[in-house]
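Here are my comments on the model you sent.

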Amino acid sequence: MNDIPMPLILDLVEWVAEKPRPYGEVMDAWRTSCPRLTVWEEAVDQGLVVRRYVSGVGAIVEASQSGRDALVSHGRA
């Protein structure tokens, strides 16, 4: 893992674990222009969140099983 604090990554995972979120909403909330704070990219790279297409809805983001497991192992679920 790089310099991104795990608590921030878990915040993102926890947020999408509550309910799948539209991709645009996730990008609005978690995209950053700071090259040192890439929470979204790190969560994707670690396989903690996934983006998938739902017919009639569009792209959504949800916690992967690995992401849910990470929440449990860090006392967040």
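1. Two residues are taken to be in contact when heavy atoms of theirs lie within 4.5 Å. On that basis, and setting aside neighbours within four places in sequence, Val13 is in contact with Leu48, Val49, Ala63, Gly67 and Leu71. Please keep in mind throughout that this is a predicted model.

2. Overall layout. The protein chain has four helices and three strands, and along the sequence these follow the pattern α-β-α-α-β-β-α. Of its 77 residues, 38% count as buried. Among contacts between residues at least 6 apart in sequence, 55% join residues at least 24 apart.

3. The core. How many residues does the largest nonpolar core have? It has 20 residues, and those with the most contacts inside it are Ile9, Leu12, Val13, Val16, Val26, Trp40 and Val49. At least two residues of this core come from each of α1 (6–18), α2 (23–30), α3 (39–45), β3 (58–63) and α4 (65–73). Which helix gives the most to this core? That is α1, with eight residues.

4. Packing of α1 against α4. The axes of these two helices come within 10 Å and cross at roughly 115°. The crossing of α1 and α4 is left-handed. On the α1 side the residues that meet the partner helix are Leu10, Val13, Glu14 and Ala17, and on the α4 side they are Gly67, Arg68, Ala70 and Leu71.

5. Leu71. This residue is found in helix α4. Is Leu71 buried or exposed? Its relative accessible area is 4%, and the limit for burial is under 20%, so Leu71 is buried. Not counting residues up to four places away in sequence, Leu71 touches Leu10, Val13, Glu14, Ala17, Arg76 and Ala77. The C-alpha atoms of Leu71 and Val13 are separated by 7.6 Å, although the two residues are 58 apart along the chain. Val13 is also one of the residues with the most contacts inside the core.

6. The aromatic pair. The structure holds one aromatic pair. Tyr23 and Trp40 form this pair, which is edge-to-face, at 6.0 Å centre to centre and with 70° between the planes. It links distant parts of the chain, with Tyr23 in helix α2 and Trp40 in helix α3, 17 residues apart.

7. Surroundings of the pair. Trp40 is buried, with a relative accessible area of 11%, whereas Tyr23 has 26% relative accessibility and counts as partly exposed. The limit for burial is under 20%, which is why Tyr23 is not counted as buried at 26%. Arg51 lies over the face of Tyr23, at 4.6 Å from the ring centre. Trp40 is also listed with Val26 and Val49 among the residues with the most contacts inside the largest nonpolar core.

8. Pro22 and its surroundings. Pro22 is found in strand β1 (residues 21–22) and counts as partly exposed at 41% relative accessibility. Which residues is Pro22 in contact with, leaving aside neighbours within four places in sequence? They are Ala59 and Ile60.

9. Val57. Where is Val57 found? It is in the loop between β2 (49–54) and β3. Val57 has a relative accessible area of 61%, and over 50% counts as exposed, so Val57 is exposed.

10. Pro5. The place of Pro5 is in the segment before α1. Pro5 is partly exposed, with a relative accessible area of 39%. Pro5 and Val39 are 34 residues apart in sequence and 8.4 Å apart in space, C-alpha to C-alpha.

Notes. Residues are numbered from 1 along each chain as its sequence is written. This is a predicted model: local features need pLDDT of at least 70, side-chain atom pairs count only at pLDDT 80 or more; totals for chains, interfaces and linings use all residues. Side-chain values use heavy atoms; hydrogens and water are left out. A nonpolar core is a set of buried Ala, Val, Leu, Ile, Met, Phe, Trp, Tyr and Cys residues joined through side-chain atoms within 4.5 Å. Buried means under 20% relative accessible area, exposed over 50%, partly exposed in between (1.4 Å probe, protein chains only). Rings of Phe, Tyr and Trp (its six-membered ring) pair if their centres lie within 6.5 Å; planes under 30 degrees apart count as stacked, over 60 as edge-to-face and the rest as tilted. A charge sits over a ring if NZ of Lys or CZ of Arg is within 6 Å of the ring centre and within 35 degrees of the ring normal. Axes are lines fitted to C-alpha atoms, for helices over the stretch in contact, and angles run from 0 to 180 degrees between N-to-C directions. A crossing is left-handed if the near helix is turned anticlockwise from the far one by less than a right angle, and right-handed if clockwise.
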